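Dear colleague,

Please find below the structure that I am handing over to you.

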Amino acid sequence: MAHRWKNDLSAADVTPQQMFLNRRQIMAGALGLGAFGAAGAAKAQDDLQPNTWEEITSYNNYYEFGTGKDDPAKNAHALDLTDWVIEVDGLVDNPGTYTVADLTSGLTEEERIYRFRCVEAWAMVIPWNGFELADILSAVGVQAGATHVAFETAVQPDNMPGVRRGVLDFPYREGLRLDEAMHPLTMMATGIYGEPMPKQNGAPIRLVVPWKYGFKSIKSIVRITLTDKQPYATWNAINAREYGFYSNVNPEVDHPRWSQATERLIGGGLFAARQDTLMFNGYDEVASLYDGMDLRANY
Ligand SMILES: Nc1nc2c(c(=O)[nH]1)N[C@H]1C(S)=C(S)[C@@H](COP(=O)(O)O)O[C@H]1N2
Ligand SMILES: [Mo]
């Protein structure tokens, strides 16, 4: 059974990689995930190896930098990270403009989490580091009326060829229901392999929602809004038939143009075996969020 993350990292997990990861980071990660074990979310995983740094940073989707999988690696160097701030607004007690350091200043090292995930049909196993979205939502104080969280990516036309060409209705936007946002698996990632987040992967900070399709995991976030409405979500707005608001991985619901019953692991080579796609990408612990919902209608 291919679960996508593990809670017992060891040096053996990272030695095949070009990137050096020191013992302390591994230990910090193991501690963070220990807390997940207590919450009942720990999974054993025997066979999946993390993808290499090269794979993770050379095959990306980031339409602000072009629509090709290799465009982000070519173009994202132009992303300007200077004085990066995140505006937090809407139904919060402490709205304001925060740096990433402001948002994380209250977290202990143990609260920084470290895990593997894989993304949609081109599955990658990526050792993200970051923290729980719930930690910063709690810090800014979510008000009682809030039901959803909306996110926006930076728009830097001078630096983003895809924005200049208008390939999407920018800013790129995404949203989660509040209970999805508060789930401990939902993370704000600030790095990979213990290194700062590469620009093509969404520097300096991006969402990672491991049981949903990749496009929910919005990159280079500049705004987080607590709202009482289902937020605008870029792919859902452009093509609701193909991209539902929820976008939970559901092997039983085919994409209008292809089956989602199996997926191919990136890095496995051209003839790599496909593996069965698992409901919620194998993260059974989120199933209760959708109790009573028709997951065919709410795709
Ligand atoms: N701002 C922004 N975020 C984005 C995208 C994008 O085009 N723009 N693409 C999404 C899609 S479709 C995927 S599959 C993931 C890819 O993340 P990765 O390149 O780190 O694997 O980013 C998501 N976040
Ligand atoms: Mo995607």
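Strand β6 (residues 148–153) and strand β11 (residues 221–227) run antiparallel and are joined by six bridges; strands are DSSP runs (E, at least two residues) and helices likewise (H or I, at least four), numbered from the N terminus, and two strands pair if DSSP finds at least two bridges between them. Within this pair, Ala150 stands opposite Thr225 in β11. In general, strands of a sheet pair through backbone hydrogen bonds, either parallel or antiparallel.

Please note that this is a predicted model, in which local features need pLDDT of at least 70 and side-chain atom pairs count only at pLDDT 80 or more, while totals for chains, interfaces and linings use all residues. Residues are numbered from 1 along each chain as its sequence is written, chains are lettered from A and ligands numbered from 1 in the order in which they are written, and side-chain values use heavy atoms, with hydrogens and water left out.

Both β6 and β11 belong to an open sheet of five strands with mixed pairing, in the order β2-β1-β11-β6-β7. The edges are held by β2 (96–98) and β7 (173–177), each with a single partner strand, so one side of each is left without a neighbour in the sheet. Neighbouring strands of this sheet are turned by 20° against each other on average, direction ignored; axes are lines fitted to C-alpha atoms, for helices over the stretch in contact, and angles run from 0 to 180 degrees between N-to-C directions.

Helix α6 (residues 133–140) lies across β1 (86–90), β2, β6, β7 and β11, and runs at about 65° to β11 (contact means heavy atoms within 4.5 Å). A cavity is a set of points, on a 1 Å grid over the protein atoms alone, where a 1.4 Å probe fits but cannot get out, and lining residues have an atom within 4 Å of a point. The lining consists of Val88, Leu103, Ile136, Leu137, Val140 and Ile224, which divide into six nonpolar, no polar and no charged residues (Ala, Val, Leu, Ile, Met, Phe, Trp, Tyr, Cys and Pro count as nonpolar, Asp, Glu, Lys and Arg as charged, and the others, Gly among them, as polar).

Strand β5 (residues 126–132) has seven of its seven residues buried (under 20% relative accessible area; exposed is over 50%, partly exposed in between, with a 1.4 Å probe and protein chains only). Six bridges join β5 to strand β3 (residues 112–117) in the antiparallel sense, with Arg112 as the bridge partner of Phe131. β5 also pairs antiparallel with strand β8 (residues 187–192) over five bridges, where Asn129 stands opposite Gly191.

Some backbone details may interest you. Tyr193, in the loop between β8 and β9, has a positive phi near 55° and is buried at a relative accessible area of 0%. Ser220, in the loop between β10 and β11, has a positive phi near 45° and likewise counts as buried, at 0%. A cis peptide bond joins Phe170 and Pro171, with omega about 0°.

Yours sincerely

Notes: On a 1 Å grid over the protein atoms alone, a cavity is a set of points where a 1.4 Å probe fits but cannot get out, and a pocket is an open set with protein on both sides within 12 Å along at least five of seven lines; lining residues have an atom within 4 Å of a point.
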